[in-house]
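Please read it with the structure open.

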Protein chains: 2
Amino acid sequence: MQDLTQTFSALSDATRLAVVERLMAEGELPAGNLVAAAEMSAPAMSRHLKVLREAGLVQSRVDGTRRLYSVRAEALQAIADWTLDHRAFWQAGLDRLEAHLALDEKE
Amino acid sequence: MQDLTQTFSALSDATRLAVVERLMAEGELPAGNLVAAAEMSAPAMSRHLKVLREAGLVQSRVDGTRRLYSVRAEALQAIADWTLDHRAFWQAGLDRLEAHLALDEKE
DNA sequence: TCATTATTTAGCTTGATCGTTAATTAACGC
DNA sequence: GCGTTAATTAACGATCAAGCTAAATAATGA
């Protein structure tokens, strides 16, 4: 991973954010599957995936003729850590973090 | 606040990320102070502040001839919430979140 | 009101980003 | 090896981001 600005830059595009969210929800997916979901040519998606790769947000592995993409936890950790470092700011008064975690417990 | 991509886009520039971090650390500051810290013309910084304002990351209030800028907690919350929504991903195995919070306790 | 200080807006230039189609690389099965 | 499928790279055009200088706006204070 590099600096946070590169991570944020990678996530500043709707297509790329959607890809990351989908990979987090569904796990490893081939590039072709991601192309099919986005209304976009394969080369365009390939370029987006390259941006995500270079930012350290996703990784790919070869599976026959396909390339399976998945999210790199470290990159997400970096963002989470940043928000936690500045928790004093967004946590004003009531403990939102606790509330959020409590919500998870119920699920 | 709008969508997360706009928030991420605003933070994808080193100057703007530095401004946000400084405002979080030092609180409300006049635009001129932010210009002085960055090696950049006043118009350039003004434009950056506009981007941050439009993304909902900062707010400004008038103080005589100056404008005092500060961070909007809601925007930071939005990012924190997003990471927490996908906590299952970056939290792999050991509880990093707990570790981070425990660190805060010590301070 | 007039000069000063603080900040933003306007106009311009340069470089990056995002999409397209066409061509290339890589791995598989026959 | 050859054709097929999957994905990337190349090359191009259009739009957007970020810097600058100069000009405009806003509030203060003599």
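This is a predicted model: local features need pLDDT of at least 70, side-chain atom pairs count only at pLDDT 80 or more; totals for chains, interfaces and linings use all residues.

A:Thr15 sits in helix H2 of chain A, which spans residues 14-26.

**A:Thr15**

- A:Thr15 counts as buried because it has 20 C-beta neighbours inside 10 Å, and the cut-off for a buried residue is 20 or more.
- Apart from neighbours within four places in sequence, the contacts of A:Thr15 are A:Ala38, A:Met40 and A:His48.
- A:Arg53 is 38 residues away from A:Thr15 along the chain, and 14 Å separate the C-alpha atoms of the two.

**Sheet of chain B**

- Chain B has an open sheet of three strands, ordered S1-S3-S2, with antiparallel pairing.
- Its edge strands are S1 (29-30) and S2 (58-63) of chain B, each of which pairs on one side only.
- S2(B) and S3(B) run antiparallel and are joined by six bridges.
- B:Gln59 has B:Ser70, in S3(B), as its bridge partner.
- In general, the strands of a sheet pair through backbone hydrogen bonds, in either a parallel or an antiparallel way.
- H2(B) lies across S1, S2 and S3 of chain B, and runs at about 90 degrees to S3(B).

**Interface between chains A and B**

- On chain B, 25 residues are in contact with 25 residues of chain A.
- Five elements of chain B give two or more residues each to the side that touches chain A: helices H1 (4-10), H2 (14-26), H5 (73-85), H6 (87-90) and H7 (96-106).
- H5(B) supplies the largest share of that side, eight residues.
- By residue type, the side of chain B that touches chain A has 15 nonpolar, seven polar and three charged residues.

**Surface near DNA strand C**

- DNA strand C is surrounded by 24 residues, and the closest are A:Ser41, A:Ala44, B:Gly32, B:Pro43 and B:Ser46.
- The elements that contribute two or more residues to this surface are helix H4 (42-54) of chain A and, from chain B, helix H3 (31-37), helix H4 (42-54) and strand S3 (66-71).
- H4(B) gives the most to the surface near DNA strand C, with six residues.
- The residues of this surface divide into ten nonpolar, nine polar and five charged.

Notes:
Residues are numbered from 1 along each chain as its sequence is written. Chains are lettered from A and ligands numbered from 1 in the order in which they are written. Two residues are in contact if their C-beta atoms, placed from the backbone, lie within 7 Å. Helices (H or I, at least four residues) and strands (E, at least two) are DSSP runs, numbered from the N terminus. Ala, Val, Leu, Ile, Met, Phe, Trp, Tyr, Cys and Pro count as nonpolar, Asp, Glu, Lys and Arg as charged, and the others, Gly among them, as polar. A residue is near a molecule or strand if its C-beta atom, placed from the backbone, lies within 6 Å of it. Two strands pair if DSSP finds at least two bridges between them. Axes are lines fitted to C-alpha atoms, for helices over the stretch in contact, and angles run from 0 to 180 degrees between N-to-C directions. A residue is buried if 20 or more other C-beta atoms lie within 10 Å of its own, exposed if 12 or fewer, and partly exposed in between; C-beta atoms are placed from the backbone.
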